[in-house]
Amino acid sequence: MERQSPLFRLFLHVAALLLAAVILTPLVWLFVMSISPAADLAAKPLKWWPAAMDFSRYATLLSTTENSAGAAFMASLRNSLIVAGMATLAAIALAVPAGWAVSRTPSVGWSLSVVIATYMLPPVALAVPLYMALSNFGLLNSVFGLALVYLTILAPFTTWLMKSGFDGIPREIEQAAVIDGASLWQTLRIITLPLAMPVVATSALFAFLLGWDEFFYALLFTSDQRAKTLTVAIADLAGGRVSDYGLIATAGVLAALPPVVVGLVMQRALISGLTSGGVKG
Amino acid sequence: MSGTWITTRAWLLMLPLLIVMVAVIGWPLADTVQLSFTDAKLVGTSGSYVGFDNYVRLVSGNAFGRTLFTTTFFAVVVVTTEMVFGVLAALLLNQQFYGRTLLRALLILPWALPTVVNATLWRLIYNPEYGALNAALTQLGILDSYRSWLGEPGTALTALIVADCWKNFPLVAMIALAALQAVPRDVIAASYVDGASAFSRFRFVTLPYLAGPLMVALVLRTIEAFKVFDIVWVMTRGGPANSTRTMSILVYQEAFSFQRAGSGASLALIVTLIITVLAIAYGTAVKKVAGSAT
């Protein structure tokens with residue numbers, strides 16, 4: 001498109017290296033901490049690279065020996081998977097019909113705008129009544145209660161994504177099928193839903209990442225291994241009297257691994273989902 | 001098929017979502033409004049009606065003003081920095097250079113890192129005894145002795161801001177990059193033919209395509225920055241000496257640490273009101289920018 005002068009090319013590469021360093025340095029350090037012997041991390045001057053890599057903390061956290069640090073970590077890992085998974089399934093089940101309805105019937109669109117506007121609500125504005133209600137129903141410290149609460153965040157978001165997804169599927173295809181004698185249900189099942197599967201998958205992925213990331217409600221509504229999620233477990237570790245910082249870093253690496261892998265593998269889909277609303281305005 | 005049936009069918013399909021939303025958002029919000037006029041405690045007493053007492057007491061207390069200032073300061077600095085660095089990164093990634101694809105892929109990493117892990121990571125970096133920041137600055141000769149970055153009121157908020165910007169500027173960059181890629185190549189080619197300078201090319205060709213998406217990013221990030229809780233809670237819990245206490249932390253303390261559900265609810269509603277006003281003001285601006293840009 002344009003010819004770059006040598007000086008400009010040099011500037012671009014220096015800036016690119018700088019950006020890469022800014023992004024990678026903290027992440028690499030998190031990993032180095034997780035494999036450095038505790039003595040190295042407490043040394044002055046600090047040792048930036050371990051003489052011998054020590055992966056034992058990963059084994060510690062991923063063990064299921066009873067009453068160990070690993071057991072607590074594995075329980076929170078399982079809770080995070082269950083809560084984020086259940087909330088995602090429920091959010092998608094609500095979002096697919098609602099998203100389709102709004103996409104094909106603009107006159108009901110205002111109700112989706114109201115649902116999306118709840119994004120502005122700080123969770124603290126709902127926290128006290130939700131706490132009291134969960135307590136009344138015996139759903140405090142329960143994965144089901146927490147998953148239900150997560151719908152406050154996941155359901156509006158997935159409905160919005162599904163609506164934009166259905167907008168991209170021409171309604172003429174549906175009309176053609178109806179003219180050919182298909183019932184509405186057949187049309188949706190045979191024509192529309194298969195075409196919408198990529199959007200369903202992206203929405204589900206986003207929803208799962210949101211649930212995996214959630215901290216505020218989990219902090220308030222869970223108290224022990226029966227429901228405590230990974231984010232709360234890590235905050236406990238970071239705020240507690242753990243003397244081995246490497247162990248905290250290891251827990252961080254393990255918690256970050258699923259979203260980071262998803263982010264790298266699904267990059268294209270995630271970015272188009274992230275930006276579709278933004279670019280369309 | 002008649003129009004009324006299509007509308008009815010649409011409402012039926014929306015119904016499950018609307019029921020759940022009323023149950024988990026609508027009803028709790030209404031209950032928060034009702035609670036805010038009482039002196040209810042979190043457990044036990046349901047409290048009695050006290051009118052606007054909670055609101056008056058909170059707004060006239062000195063914690064409120066200071067916390068509002070801290071939150072606003074945090075939001076303004078964080079959002080401005082993220083927008084500037086995000087757009088600069090996007091402009092860079094829109095150029096041709098070796099390793100561009102890899103760098104674009106790396107951009108997603110801070111965004112994908114869970115907020116709590118990010119906060120924990122930076123807490124370790126800032127550690128007063130063994131932290132990497134202290135070690136690096138001392139070994140480079142910039143610092144004489146280790147400092148407690150999160151333990152001193154003078155540096156704690158800045159330390160938080162750095163951690164938040166690092167995680168969130170890639171989101172702005174990704175949105176801006178997608179917008180840049182939507183600029184038609186022939187328009188740019190035409191600007192070269194017309195002899196436009198690099199600056200006027202950015203100002204009159206690129207910026208109009210960026211303005212709409214950037215406004216949306218600005219609105220989203222401002223709302224999130226105003227609601228901020230996770231990163232503050234994990235890194236400082238609002239301390240030291242309340243120097244990093246944001247509105248959400250203050251509500252948490254009021255409602256859950258001190259168990260004053262009534263005044264906690266009032267405070268939460270004040271925060272909601274501020275965010276709503278901000279969002280409406282921004283929304284108007286977005287419409288204006290989007291209208292003039294295209």
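This is a predicted model: local features need pLDDT of at least 70, side-chain atom pairs count only at pLDDT 80 or more; totals for chains, interfaces and linings use all residues.
Start with chain B and read along the sequence: the pattern is α-α-α-α-α-α-α-α-α-α-α-α-α.

Along its principal axes, the trace spans about 80 × 75 × 30 Å. The radius of gyration of chain B is 24 Å, whereas a compact globule of 294 residues would come in near 19 Å. Now colour by burial: 41% of the 294 residues in chain B are buried. If you draw contacts between residues at least 6 apart in sequence, 72% of those in chain B join residues at least 24 apart.

Next, bring chain A back and select the largest nonpolar core, which has 159 residues. The members that touch the most other members are Ala91(A), Leu146(A), Tyr150(A), Leu151(A), Ile234(A) and Ala176(B). Now pick out helix H8 of chain B, residues 153-181: with 16 residues, this helix gives the core its largest share. Then colour chain A by domain. Domain 1 (1-54) and domain 2 (66-280) of chain A both contribute residues, so the core lies between them.

For a last stop, zoom in on Leu151(A). Which residues does Leu151(A) touch, leaving out those up to four places away in sequence? On the chain A side, you'll find Ala87(A), Ala90(A) and Ala91(A). From chain B come Val20(B) and Val24(B).

Definitions and conventions
Residues are numbered from 1 along each chain as its sequence is written. Chains are lettered from A and ligands numbered from 1 in the order in which they are written. Helices (H or I, at least four residues) and strands (E, at least two) are DSSP runs, numbered from the N terminus. The radius of gyration is taken over C-alpha atoms; the globule rule is 2.2 Å times the number of residues to the power 0.38. A residue is buried if 20 or more other C-beta atoms lie within 10 Å of its own, exposed if 12 or fewer, and partly exposed in between; C-beta atoms are placed from the backbone. Two residues are in contact if their C-beta atoms, placed from the backbone, lie within 7 Å. A nonpolar core is a set of buried Ala, Val, Leu, Ile, Met, Phe, Trp, Tyr and Cys residues joined through C-beta atoms within 7 Å. Domain bounds come from an automatic or database domain assignment.
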